[in-house]
Amino acid sequence: MSERPYSSPLRDSQARRTRELILDALTDLLATYSPQEVTTRAIAERAGVSQPTVYRHFPDRQALLEGLTARMMSISGEGSRPRSLDDLVAYGVVETAMAEEHAVLATAEALLNSDPRRLSQASRQRSELLLQLVADALPDYDDREHIRIAALLRNLFSVQAWLRMREEFGIPGTESGPILAWATQTLIDEIRAGNFPRD
């Protein structure tokens, strides 16, 4: 007979609180240090927990990334996803403003999610969604062109684009959103007119 795992509302609440402390510590550290400089020891010290506790909740860097991404998504809300290519422009403006409002967390997620070999599951899902929206809206283009168009649009409205404009050029998300929206709308109009470079 196997033992059932013990669960209680108090224990679950404590586990959630510990996870939040760890993510808070990671977010704070990424505001100052590069992802390569942030160790589990530093996270544990900042969170006031032991290293084994960090590993119990987040067994690896990918799990930490998924935790930060889930936190960002809980702020932005799942219902705000674009439902068509035409929704993308307005969606991007809202997303950059939201990133600016939660700049420390958005920066942490952007830095941790910058390695394309370790993208969060949510980031991959957003890319897949955009590819589907492109394919639905632009049936005259072939599959390879759909991929190229989706990749271009995905890079325009990414947390990394927001971060670069903010940190390198001093343009806050409230300004970069409308700039990126204009660029995106211009590209979509040109693509619909058949002016996208073909293979």
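**Helix 8 and its surroundings**

In helix 8, the residues Glu145, His146, Ile149, Ala150, Leu153, Arg154 and Leu156 are buried, where buried means under 20% relative accessible area, exposed means over 50%, and partly exposed lies in between (1.4 Å probe, protein chains only). Viewed down the axis of helix 8, these buried residues fall within an arc of 165°, so they line one face of the helix; the arc is that of the directions from the helix axis to the C-beta atoms.

The structure is a predicted model, in which local features need pLDDT of at least 70 and side-chain atom pairs count only at pLDDT 80 or more, while totals for chains, interfaces and linings use all residues. Residues are numbered from 1 along each chain as its sequence is written, and side-chain values use heavy atoms, with hydrogens and water left out.

The protein chain as a whole contains 10 helices and zero strands. Helices (H or I, at least four residues) and strands (E, at least two) are DSSP runs, numbered from the N terminus. Of the 199 residues of the protein chain, 42% count as buried. The C-alpha atoms of the chain fill a box of roughly 60 × 50 × 30 Å, taken along the principal axes. Among contacts (heavy atoms within 4.5 Å) with a separation of 6 or more, residues 24 or more positions apart account for 71%.

Helix 8 itself covers residues 143-156; at 1.5 Å a residue its 14 residues should span 20 Å, and its end C-alpha atoms are 20 Å apart, which agrees. The expected span is 1.5 Å times one less than the number of residues. At the start of helix 8, the backbone nitrogen of arginine 144 has a side-chain oxygen of aspartate 142 within 3.1 Å. This is a polar contact, that is, a pair of N or O atoms within 3.5 Å; within protein, one must be able to donate a hydrogen and the other to accept it, and residues adjacent in sequence count only if both atoms are side-chain atoms.

What covers the buried residues of helix 8? The cover includes helix 5 (88-101), helix 7 (121-137), helix 9 (159-169) and helix 10 (173-192). From helix 7, leucine 131 touches His146, Ile147 and Ala150, not counting residues up to four places away in sequence. With 32% relative accessibility, leucine 131 counts as partly exposed. In helix 5, the buried residues include Leu88, Tyr91 and Thr96. Serine 176, which is in helix 10, is in contact with Thr96, Trp162, Met165 and Ile171, leaving aside neighbours within four places in sequence. Serine 176 counts as buried, at 0% relative accessibility.

Helix 4 (61-76), helix 5, helix 7, helix 8 and helix 9 each supply at least two residues of the lining of the largest pocket. Of its 33 lining residues, Arg126, Arg154, Phe157, Ser158 and Val159 lie nearest its centre. About 650 Å³ of space lies in this pocket. On a 1 Å grid over the protein atoms alone, a pocket is an open set of points where a 1.4 Å probe fits, with protein on both sides within 12 Å along at least five of seven lines; lining residues have an atom within 4 Å of a point. Grid points are joined across faces, edges and corners, and a volume is the space filled by probe spheres set on the points.
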